[in-house]
Amino acid sequence: MKRIAVLGFALESNAFAAPCARWDFEQRGYYRGDEITTQARAETPAIYAGISGFYAEMDRLFGAKRWHPVPVVHASSQPAGPVAEGFFKELLAEFEEGLRRAGTIDGVYIAEHGGATATHTHDPDGEVFALVRRVVGPEVPVVATLDLHANVSDVMMNSVDAVIGYRTNPHVDIYARGQEAARVLNELMDGVVATSYRVRLPIVAPSVTQLTAEGHPYGDLIRLGQTKIDERVLNVTILSGFAFADTPKNGMTVIVTTRNDPQHAKSLAMSLAKAGWADRHRYVPRMIALDDAVAQARSAGMDPMAPSLLFADPADNPGGGGRGNTTYILAAFLKAGVHGCVAGVFFDPALVEQARSAGEGNQFRAKLNTRETARFSEPLSWDARVVHLHDGRFVGRHGMVTGKSVDTGATAVIALDGVTLVVISKRQQCLSTEFFEAFGVDVAGARSVVVKSRGHFRAGFEHLFPPERIREVDVPGLTSPNLANFDWKGLPRPVYPLDPDAVWPLS
């Protein structure tokens, strides 16, 4: 019977956001021991989908009774700032204790994000990988899945046998990558030797240019890589990275893993990297100005025959460390008299409390961001009516939350003149129409929709909004795609497109 350890640390760190600690992980997802297995095999799990996929594929390969999961700890937080050193070292101690207590194991699956930083190091993911290798020894196969926004270090590469990155953005293949990790681990346990080669490009792509649908450069490169999978090539991973981590390991990264063919791994990785570099001019964001967004929203609200529009606020994306409560778009829409608009999800626990105190159907003076100290989270006051109150729990039906249990915390729907706003108590991005519909808000009937999200919303709204009816609005925020707005400290400059004249010597 194969004994497989399962663990992981999932955080995407924004260097310009406040640090996070234990509370952030316990609110999002902190699972220990058998809790991991229970979640992984649940009908509507809340845990990281890659773990569910890994369990399902291991069950298929071995039968649920012919492999033995050894779940240790899996801790995930909403994207935030660097993880606090004290908590992170406590987490490492939990990992080590669990692995040592497990005794003999045949393999390890690390369900990681890969985009974290810590207050004491730019490479906490490397520390996790190195600890696992140190404890289990050099002979035990170790496979890790990574978000495609991971920033990969030498330590990470040298500590595991194979890394498997997502291929889709929005990330609708997390479950499938967990399944792939199980298949790769099975090959390694059967004696296959994995050999990898990594190339990092001086490209730090703005977030809104990292979509993988047809016609987008990053997706084109990933699809090119997948055409190279054959009997020699075990995996091709192409990671766009996460700019806001602001580390020396930033940069689009190509990783080719072969079945014991290091020369082919190197030649293929270089070939794909050259293709990516030749296409670099396509990684330039194209957003619309706030004034244009206001004009288009007003027009849609006045003309019921015109197509409805979706406006994304990528600069305040909780999925990248944003607070999810800047008021630039909301205030502009309100002052311009936009009607027929629904907006969300807006993170403001104090505002939810105000709505609950007022009660459903009652009027009150809504005061936004009364407890916020974060940059860009400016206050706003407006007369409001409480439309609906909810506990925030629902099961997703579209996009990245399909079949998953979601919890937005205590939630309030309030009407601010022509804008209906969904306000939540647990910070997260708006991933699908259920983030409105679960609370009684009619998205299909809205004339305009505003979402606090960079791009993951697309998978959850595509049944209502094709790409030509989506607008990305250029406003300030902690996750603005305008990279020139930030004071970078760690990026390995020059990088394209931040530095238009950047060169890659290996090209």
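A: Here is the cavity, then the helix beside it in the account.

This is a predicted model, where local features need pLDDT of at least 70, side-chain atom pairs count only at pLDDT 80 or more, and totals for chains, interfaces and linings use all residues. Residues are numbered from 1 along each chain as its sequence is written, and side-chain values use heavy atoms, with hydrogens and water left out.

A cavity is a set of points on a 1 Å grid over the protein atoms alone where a 1.4 Å probe fits but cannot get out; lining residues have an atom within 4 Å of a point. Points are joined across faces, edges and corners, and volume is the space filled by probe spheres set on them.

The count is 1 cavity of 30 Å³ or more. The largest cavity holds about 110 Å³. Its lining has 15 residues; Leu330, Ala343, Leu421, Val450 and Lys452 lie nearest the centre. Helix H11, strand E12 (341-347) and strand E18 (419-424) each give two or more residues to this lining. Helices (H or I, at least four residues) and strands (E, at least two) are DSSP runs, numbered from the N terminus.

By class, the cavity lining has 10 nonpolar, 3 polar and 2 charged residues. Nonpolar means Ala, Val, Leu, Ile, Met, Phe, Trp, Tyr, Cys and Pro; charged means Asp, Glu, Lys and Arg; the others, Gly among them, are polar.

Now H11. Tyr328, Ile329, Leu330, Ala331, Ala332, Phe333 and Leu334 are buried. Gly337 follows H11, with a positive phi near 75°.

How values were computed: Buried means under 20% relative accessible area, exposed over 50%, partly exposed in between (1.4 Å probe, protein chains only). On a 1 Å grid over the protein atoms alone, a cavity is a set of points where a 1.4 Å probe fits but cannot get out, and a pocket is an open set with protein on both sides within 12 Å along at least five of seven lines; lining residues have an atom within 4 Å of a point.
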